[in-house]
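Please look at the sequence and the model below before reading on.

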Amino acid sequence: LKYVNGSLTHDIDRTLAMLVLTAIHDIMKISALCPVVAEGRGPWCGYHVGDKVGDHDAALGYILEYEPEVLPSFAMLPRSQRRSVKFTQCKMDYNMGWLVQAEAPPGALFSKFRKVVQSGEANPADVSFYFVHWLTDLAGAEPYPQEGCEKFVLMFPQKVLASFASSFSIVQKLSTNTETEVFEDYLQWRWKTTEGRLLGPAPAGPGSIARMRICVMAQGNTQQILNAFRTIPKEDLLVLEEELAITGCTGQFYNREHSGELPDEGEEEESVGPALLVYYGPALMQKSAKTDPAGALCILADVYRQARSLFPFSPAKSGESIIVRIDAIKDLEIKTIRATDTPGEVWVLEKVSAKDAQVRRVNLVQHQKDGLNWSSSRVLFAETRMVNARRGKYWSMVRSAAKQVTATSGSQGSATRTKSGSPSPRSREERHAYRRCISEKFPEQVGGGRRHTTHADGCKTMPTIVGSPASKNSTIDSISPMVGVATSAPDESAAAHERYVTRRASEPAPTS
């Protein structure tokens, strides 16, 4: 709407721009359309020359900036409307869904937008244009107008929609508060308005941000999720608590995460990065929160673990974020993700560029045909990794590393001190040791996710291809960079393999 001669009338150009943005907003989710950063145009949103722009919002921004003619509906808009559309995709670089579902760390969510707000480049009309677009985008996911309207009335929980509308005002705090402060305030507000009446005050202390973010992602079943945090292996618990508390902003930390701690004299927390953004993590949690919340947490933890081995901790990258896309598994049941229906098939996490990675389903027997770079890929959800997690081997390694940190630093006692005098769920040394284990100390066992089993005779085998006809009496040296060791598979007959596959398919999914 706009005012003309003192009266309110319909703004045709603005409405047309909104329809165009709704139509083109998600087209780059078709990976074949994503552009490659050309010479002289990089880096673009963290992607270097020659990289394929994997993030669909950044990919669309690249096209609007450098090749707008390939989108005629956009190219034919009036110049002022093209500027507004480009602002939402190129300059603003803000995804409302990432905030509402606590999907992204504060660095990826707010950093660029905060700079725009503080520089005064944010036109209030363009910011409003984006927020209205966000609502039309939700409805536009349905192919017909009536179904789009019904989405808000019949398919959208009222409390979630109310949270969407109420969260619009959050961005106003970016002019005075840091990205992490704004995001932490949002998490606390969400807990108070949706969970506080039944569950009391929001969590505080180590691991609190992980619990709050996961509960927001799941959009319900909060008590079951909190209970699941108590039942999952300590290995997975530590991964979630650490990774979900990385801010992606240099020098910024969550206050709640350190609530009640009394730091050692002279100790300063070191910023590390990059932060990991698991794209469609909320979809995975919403799919499985009711039926198998512990299983969903374990799956999510393994994604974070393997992603961290591809993008190691570094203080120099504390202000960066990495997108890990799990589109391939977001709509699957946990038991389906873990099932092995075809010999040699596994889920892998592939590093696509310096900015992102994606989950893929590949066949290790036919891996040469899959076009996968094994040196920058990691096997996910390996069966023996879950068994070892339950046995606590990883946790023992972290404990050992924590003792080394304590001995080196000369601090007394491994438990983090609290104002109440009781130890927190995990020690300060263990939190630091996790990063050391991932980045330096245990690159094969931890960084690679312990992708093998060591038997009594010292033979290391890879269980994900057990019984594969192509692996019979063979050593698969070509994938050793991915699995950490050259692997020899046991000698099993085709009949034994068939029984193995049948049994695996019929087994219920483990809950932790």
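Axes here are lines fitted to C-alpha atoms, for helices over the stretch in contact, and angles run from 0 to 180 degrees between N-to-C directions. Helices (H or I, at least four residues) and strands (E, at least two) are DSSP runs, numbered from the N terminus. The model is predicted, so local features need pLDDT of at least 70 and side-chain atom pairs count only at pLDDT 80 or more, while totals for chains, interfaces and linings use all residues. Residues are numbered from 1 along each chain as its sequence is written, and side-chain values use heavy atoms, with hydrogens and water left out.

Begin with helix H6 (residues 106-119) and helix H10 (residues 179-194), whose axes are 9 Å apart and which pack at an angle of about 125°. H6 and H10 are therefore oblique to each other; angles under 35 degrees count as roughly parallel, over 145 as roughly antiparallel, 65 to 115 as roughly perpendicular and the rest as oblique. On the H6 side, Pro106, Leu109, Phe110, Ser111 and Arg114 meet Glu179, Thr180, Val182 and Phe183 of H10, where contact means heavy atoms within 4.5 Å. By class, this contact of H6 with H10 has five nonpolar, two polar and two charged residues. Ala, Val, Leu, Ile, Met, Phe, Trp, Tyr, Cys and Pro count as nonpolar, Asp, Glu, Lys and Arg as charged, and the others, Gly among them, as polar.

The second pair is helix H2 (residues 56-66) and helix H4 (residues 79-91), which pack at an angle of about 135° with axes 8 Å apart. That makes H2 oblique to H4. Asp57, Leu60, Gly61, Leu64 and Glu65 of H2 make the contact with Val85, Lys86, Gln89 and Cys90 of H4. Four nonpolar, two polar and three charged residues form the contact of H2 with H4.

On a 1 Å grid over the protein atoms alone, a cavity is a set of points where a 1.4 Å probe fits but cannot get out, and a pocket is an open set with protein on both sides within 12 Å along at least five of seven lines; lining residues have an atom within 4 Å of a point. Eleven residues line the second largest cavity, and Arg190, Thr194, Glu195, Cys215 and Val216 lie nearest its centre. H10 gives the most to this lining of the second largest cavity, with four residues.

The second largest pocket is lined by 18 residues, with Ser31, Gly54, Arg325, Asp327 and Gln358 nearest its centre. Strand S4 (321-325) and strand S6 (356-363) each supply at least two residues of that lining.
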